[in-house]
Amino acid sequence: MKISVKYAVTGALSGAANGFFGAGGGLFLVPLLISWCGMEQKRAFATSVAVIFPLCAVSAVIYWLKGGLPIGQAVPYLLGGAAGLDKRAYSGFIGQVSGTGTNTCVSLPERLIGKLGSSEERGMIINMEAGLYTGIPRGSFDLMLDSASNNPGLKAFEKLTAGVYLGQLCRLMLIAAADEGLISRAAGDGARQLEDIDSAVIDAWSCMERGELLGGAETDLAFASRLSRALFKRSARGMCTDLLALAMLTGAGKSADKPLCVLAEGSLVQKSRIYRPELERLLEEYGREAGVHFVLKVGQETTLPGAAAAALIN
């Protein structure tokens with residue numbers, strides 16, 4: 001089949017997906033360009049961004065004409081994004097998700113990817129699927145949470161670190177604490193009634209807020225605060241370990257003049273008043289011991305900019 005026909009079919013499938021669902025064309029476009037059309041990864045990502053750019057531009061103009069695009073507020077974000085893409089300022093990049101899920105990705109030289117059998121220094125972006133890691137010890141409450149989840153035995157690291165699980169871990173611990181007399185029975189009953197506790201709730205507890213959700217005394221909220229902070233800090237230690245391992249693998253971040261840039265997104269790193277400061281503290285402390293210099297940059301809704309950055313800086 002002619003390559004022009006392959007491009008036409010690929011474009012049609014991508015356009016159909018975007019037309020039916022309003023998004024998702026890249027799910028077809030990038031894999032087909034690489035595996036079927038034989039395009040190199042960097043060009044495939046760049047092509048995907050180029051395809052969606054006209055639609056974004058037209059949408060932006062429409063919103064601007066209708067008064068829905070505050071240019072004055074948008075310019076600082078655009079300038080900040082442009083500055084963040086300066087590859088020369090950093091020795092490497094790690095993508096990090098800390099929210100309802102846990103994951104990292106990194107650009108590795110092909111020579112470090114054994115199954116490629118290559119000695120090239122050319123980089124390839126690797127999705128590490130960090131949430132599947134099983135090497136960190138788990139406690140009894142972690143095992144209880146895992147057994148009650150919809151995927152027992154899977155995503156062990158994610159269940160230790162992701163915001164969607166931290167609230168449920170805190171709930172299990174508060175119920176057990178009430179049974180053991182460490183907090184009041186009323187607080188234990190309050191925790192039982194909260195079937196879905198997310199990271200926003202325990203972030204409030206960690207700052208001595210929203211005590212009415214527990215329904216106990218001030219001492220119960222103080223206990224929940226210490227417990228919530230401990231869970232956030234353990235999550236940050238786990239992510240710090242992951243990022244340090246990737247730094248050691250890539251050899252990036254050895255110079256303070258060209259640090260290793262961690263591009264992070266997710267509700268936990270964006271919104272928690274405990275998690276992000278703790279992660280930054282740990283990266284500074286343990287990075288210094290390991291001789292690695294980190295810079296943590298937190299983004300909002302960075303799916304499209306992330307694809308563009310991958311195309312531009314890899």
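Visitor: What makes E2 and strand E3 (residues 123-127) a pair?

Guide: In this predicted model, 5 bridges join the two strands, which run antiparallel. A pair needs at least two bridges, so E2 and E3 count as paired. Within E3, Asn127 stands opposite Cys105.

Visitor: And what makes E1 a partner of E2?

Guide: Strand E1 (residues 92-98) pairs with E2 over 5 bridges, in the antiparallel sense. Cys105 turns up here too, as the bridge partner in E2 of Gly95. With 3 residues between them, E1 and E2 form a hairpin.

Visitor: Why is E2 called largely enclosed?

Guide: Buried means under 20% relative accessible area. In E2 (residues 102-109), 6 of the 8 residues are buried, so the rest of the structure largely encloses this strand.

Visitor: Why is Val9 called partly exposed?

Guide: Its relative accessibility is 34%.

Visitor: How does the span of H3 compare with what is expected?

Guide: Helix H3 (residues 41-65) has 25 residues and reaches 37 Å from first C-alpha to last, close to the expected 36 Å.

Visitor: Where does H3 bend?

Guide: At Phe53, by about 30 degrees, and Pro54 follows within four residues. After H3 comes Gly67, with a positive phi near 80 degrees.

Methods. Residues numbered from 1 in each chain as written. Predicted model: local features only at pLDDT ≥ 70, side-chain atom pairs only at ≥ 80, totals over all residues. Heavy atoms only, no water. Expected span 1.5 Å × (residues − 1). Bend = angle between axes of the 7 residues up to and from the residue. Buried < 20%, exposed > 50% of the residue type's maximum accessible area, 1.4 Å probe, protein only.
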